[in-house]
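Hi there,

Here is the structure I promised to pass on. Have a look at it first, and then read on for what I found.

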Amino acid sequence: VSTQSTGVCNSANYGAGQLIIHLQSTGEDKESLAKLIGALARNCAHHSSNDVRSFASNMVHMINISGVEPLADEFVKQLMLPLIDNTTKKIPLIRGASEVAIATLLRLKTTEDIATRLTPSLDPKSLEIFNRFLPTARRVSQDFRTYSNFENNIFSFLPNVH
């Protein structure tokens with residue numbers, strides 16, 4: 001989306017998140033999945049609005065608590081780099097949303113440790129930030145914010161579109 005309107009960008013992020021969930025659950029159209037994840041990653045990292053960057057991070061969280069299969073490692077890496085960068089920001093809204101998104105993206109509450117598979121493919125600067133942040137991500141993963149039950153799901157007020 002090439003607009004600076006926060007509402008339009010957040011609606012596009014929500015639509016992209018729902019499409020990602022659908023494509024991930026059906027296993028269809030990997031090319032479209034890659035484009036949608038790229039757009040979501042760009043909004044996490046480069047949008048001028050803090051609200052859009054935070055909402056894009058929240059969408060990553062929503063995708064990961066939706067019950068679909070985990071994203072492929074190349075998609076995880078594509079989303080991780082802007083999320084890791086956002087953990088260094090001074091704005092609590094962006095930093096907190098990114099922490100929660102990383103915890104659910106890496107599925108730190110499960111036995112599958114995606115973090116160990118991902119670390120060899122990170123560039124040195126991202127790896128340094130990631131290693132500093134990983135203990136925080138593990139703590140956040142134990143927090144109530146990553147539960148997928150209805151009461152704690154931050155998107156529970158939105159209609160379920162499938």
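Let me start with lysine 35, which forms a salt bridge with glutamate 31, the closest N and O atoms lying 3.5 Å apart. Please keep in mind throughout that this is a predicted model. Lysine 35 and glutamate 31 both belong to helix H2, residues 30-46, and because they are four residues apart there, about one helical turn separates them. Are these two side chains out in the open or tucked away? Lysine 35 counts as exposed, with 54% relative accessibility, and glutamate 31, at 56%, counts as exposed too. As a general point, side chains of opposite charge can pair when their charged atoms come close.

How many salt bridges are there in total? The count comes to two. The other pairing joins lysine 89 to aspartate 85, with 3.3 Å between the closest N and O atoms. Here lysine 89 is partly exposed, at 26% relative accessibility, and aspartate 85 is partly exposed as well, at 27%.

Now to the overall picture. The protein chain has seven helices and zero strands, so you will read the pattern α-α-α-α-α-α-α along the sequence. The chain has 162 residues, of which 46% count as buried. Looking at contacts between residues at least 6 apart in sequence, 71% join residues at least 24 apart.

I also looked at how some of the helices pack. Two packed helices are described by the angle between their axes and the distance between the axes. Take H1 and H3 to begin with: helix H1 covers residues 6-26 and helix H3 residues 50-65, and their axes come within 9 Å and cross at roughly 15 degrees. That crossing angle is under 35 degrees, and therefore H1 and H3 are roughly parallel to each other. Their crossing is right-handed. On the H1 side, the contact is made by Thr6, Cys9, Asn10, Asn13, Tyr14, Gly17, Gln18, Ile20 and Ile21, and on the H3 side by Asp51, Val52, Phe55, Ala56, Met59, Met62 and Ile63. By class, the residues of this contact between H1 and H3 divide into 10 nonpolar, five polar and one charged.

H1 packs with H2 as well, at an angle of about 145 degrees and with the axes 10 Å apart. This time the crossing is left-handed. From H1, the residues Asn13, Ala16, Leu19, Ile20, Leu23 and Gln24 meet Ser32, Leu33, Leu36, Ile37, Leu40 and Asn43 of H2. The contact of H1 with H2 has eight nonpolar and four polar residues, with no charged ones. If you are browsing the model, Asn13 and Ile20 are worth a click: they take part in the contact of H1 with H3 and also in that of H1 with H2.

Is leucine 134 buried or exposed? With 16% relative accessibility, leucine 134 counts as buried, because the cut-off for buried is under 20%.

Key
Residues numbered from 1 in each chain as written. Predicted model: local features only at pLDDT ≥ 70, side-chain atom pairs only at ≥ 80, totals over all residues. Heavy atoms only, no water. Salt bridge = Lys/Arg side-chain N within 4 Å of Asp/Glu carboxyl O. Helix = DSSP H or I, 4+ residues; strand = E, 2+ residues; numbered from the N terminus. Buried < 20%, exposed > 50% of the residue type's maximum accessible area, 1.4 Å probe, protein only. Axes fitted to C-alpha atoms, helices over the stretch in contact; angles between N-to-C directions. Parallel < 35°, antiparallel > 145°, perpendicular 65-115°, else oblique. Left-handed = near helix turned anticlockwise from the far one by under 90°. Contact = heavy atoms within 4.5 Å. Nonpolar A, V, L, I, M, F, W, Y, C, P; charged D, E, K, R; others polar.
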